[in-house]
Amino acid sequence: MNKKRPITISITSGKGGVGKTSIAVNLAYALMNQGHRVLLVDGDLGLANVDILLGISAQTTIRTVLDGEADPLDAVLYLKPGLGILPASSGVPEMVSLGIDQQEKLTTLLSDITSHFDYVLVDTAAGIGSSVLWLNHFASYNIVILTPDPTSLTDAYAIIKTIFTQFDRTLFYIVLNLIREPKEGQKAYETLKKVANQFLNLELEYLGAIPEDKSVKEAVRQQTPFIQKALRCPATRAIMLVAERIKNLRAD
Amino acid sequence: MDHHDKPLQCPYTNNGCPAIAEIKQLKQECERLRKLSQHDPLTGLFNFNHLMNTLETEMERTRRTGLSTGFIMIDLDHFKRLNDTFGHEEGNKALKWFSDILRNNLRRIDIPCRYGGEEFAIILPGIRLSQAVQAAERLRAGLKDSPIQLNDKTINISASFGVDTYASTEDISVEAFIKRADSLLFQAKSKGRNRVCYDKQKITVVPTEVTTEEKDLLFSLRYRDRLS
């Protein structure tokens with residue numbers, strides 16, 4: 001068994017509807033395409049999303065494992081030899097706030113499973129609930145997704161500030177989504193960085209920006225990751241670039 | 001009207017019925033025994049027996065109502081040393097003094113108990129963890145503000161606190177719940193005493209507020225970009 005520890009990365013946003021899950025799914029495929037073993041954890045524990053984007057239906061979920069009804073390793077659904085999904089359950093509101101017992105169980109569950117992978121991407125729920133914070137705390141790296149809208153900027157800043165004050169995290173990775181012109185991503189990032197620098201004295205690192213792209217919407221409708229479908233579209237190229245930068249992160 | 005509340009009346013005589021006198025005495029004895037079985041004679045607080053029964057009931061209430069039950073375990077710091085220095089009589093005085101602080105700083109529905117020795121426990125029905133932690137902090141501050149006279153010496157006694165809540169979704173026994181609070185108390189003691197320990201992760205996190213200054217800068221920079 002491989003003893004090497006995986007690189008765990010949370011993908012979070014503060015607010016919903018910025019394309020978090022879509023980016024998580026496509027990043028998982030991008031890393032897998034490059035020969036890495038990737039586990040994608042649907043961290044939206046009460047309102048699963050990943051399965052919808054991928055058109056799969058899971059019988060065994062994080063929930064059933066936590067309830068002791070399934071073996072952790074059986075819960076991982078392999079879409080490809082190098083890509084596992086740990087699905088969440090839908091419509092289970094109590095999973096949104098994690099009690100201490102569940103946190104302990106989830107830690108055991110995740111550490112049992114994750115040793116088999118090179119990268120673990122955790123797609124968190126929207127909002128700032130305890131499960132979102134806990135998963136961000138669990139992950140070694142935090143990627144914050146936002147769109148260039150001022151409201152999305154504020155939400156991203158709010159979750160950064162919360163994780164920073166709660167867990168003393170001082171480095172965050174930023175991905176802009178749904179940008180309309182090439183420089184928009186970098187500019188929005190600079191704004192966020194400047195405010196985070198000035199008020200919180202913490203570092204941000206830019207991982208890239210994904211342009212608004214027709215083929216993304218189409219891919220969602222067809223329940224296929226766009227990166228597998230539209231090989232040359234701008235969004236695919238942008239995701240590949242983000243994946244390249246993720247490969248510079250090291251396990252701690 | 002409850003028939004227990006009616007004064008006992010002999011149907012035959014108004015004066016000196018021996019049976020009535022006997023019953024009255026038995027009733028008083030029952031009341032005395034009931035108190036004795038539920039209370040700690042030294043401090044007047046509830047005893048361990050009553051604690052276990054009440055905690056069981058309150059946990060059941062939590063499962064029914066969804067309102068969590070708070071539980072605080074307390075240990076007076078360095079009590080053995082105090083006993084050795086001042087003697088057991090003064091030690092007992094300290095225990096009574098602490099019981100008064102408990103009684104004066106809790107809600108009327110809270111149930112303060114002597115767990116044993118210098119250990120105390122409080123059941124706080126229908127409370128959130130953050131509120132239970134506040135209650136413990138209030139007691140800790142109460143100790144600081146009320147020094148005690150022992151053998152003509154004024155001293156301060158502190159205490160360590162372990163605070164936990166039982167949520168309706170949890171499937172654990174009374175004993176397991178107590179054990180959890182006890183391990184938090186142990187944490188408080190091993191971290192240097194005179195503190196309140198609880199599970200920080202369990203408190204629902206209130207998102208850190210983004211200040212107006214931060215918002216203003218985010219917005220102004222962003223709009224400037226858009227205009228340029």
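This is a predicted model: local features need pLDDT of at least 70, side-chain atom pairs count only at pLDDT 80 or more; totals for chains, interfaces and linings use all residues.
**Where the chains meet**
- Putting chain B and chain A together buries about 2,300 Å², and carbon and sulfur atoms give 63% of that area.
- On the chain B side, the residues that lose the most area to chain A are Gln201(B), Leu218(B) and Arg222(B).
- Together, those three make up 27% of what the chain B side buries.

**The sheet in chain B**
- Chain B has an open sheet of 5 strands, in the order β2-β3-β1-β6-β7, and the pairing is mixed.
- At the edges sit β2 (111–116) and β7 (196–197) of chain B, each pairing on one side only.
- Strands β1 (residues 69–76) and β3 (residues 119–124) of chain B run antiparallel and are joined by 6 bridges.
- If you want a residue to look for there, take Asp75(B): its bridge partner in β3(B) is Glu119(B).
- Helix α4 (residues 88–104) of chain B lies across β1, β2 and β3 of that chain, at about 15° to β3(B).

**Chain A: α1 against α11**
- Helix α1 (residues 20–33) and helix α11 (residues 234–246) of chain A pack with their axes 9 Å apart, at an angle of about 65°.
- Since angles of 65 to 115 degrees count as roughly perpendicular, that is the label for α1(A) and α11(A).
- The crossing of these two helices, α1(A) and α11(A), is right-handed.
- From α1(A) come Ile23(A), Asn26(A), Leu27(A), Ala30(A) and Leu31(A), which meet Ile239(A), Val242(A), Ala243(A) and Ile246(A) of α11(A).
- By type, the residues in this α1(A)–α11(A) contact are 8 nonpolar and 1 polar, with no charged ones.

**Chain A: α7 against α8**
- Helix α7 (residues 150–167) and helix α8 (residues 182–200) of chain A cross at roughly 35°, and their axes come within 11 Å.
- The crossing of α7(A) and α8(A) is right-handed.
- On the α7(A) side, the contact residues are Leu153(A), Ala156(A), Tyr157(A), Ile160(A), Lys161(A) and Phe164(A).
- Facing them from α8(A) are Ala188(A), Thr191(A), Leu192(A), Val195(A), Ala196(A), Phe199(A) and Leu200(A).
- The α7(A)–α8(A) contact divides into 11 nonpolar residues, 1 polar and 1 charged.

Terms used. Residues are numbered from 1 along each chain as its sequence is written. Chains are lettered from A and ligands numbered from 1 in the order in which they are written. Side-chain values use heavy atoms; hydrogens and water are left out. Two strands pair if DSSP finds at least two bridges between them. Helices (H or I, at least four residues) and strands (E, at least two) are DSSP runs, numbered from the N terminus. Contact means heavy atoms within 4.5 Å. Axes are lines fitted to C-alpha atoms, for helices over the stretch in contact, and angles run from 0 to 180 degrees between N-to-C directions. Angles under 35 degrees count as roughly parallel, over 145 as roughly antiparallel, 65 to 115 as roughly perpendicular and the rest as oblique. A crossing is left-handed if the near helix is turned anticlockwise from the far one by less than a right angle, and right-handed if clockwise. Ala, Val, Leu, Ile, Met, Phe, Trp, Tyr, Cys and Pro count as nonpolar, Asp, Glu, Lys and Arg as charged, and the others, Gly among them, as polar. Buried area is the accessible area (1.4 Å probe) that two parts lose on being put together, summed over both.
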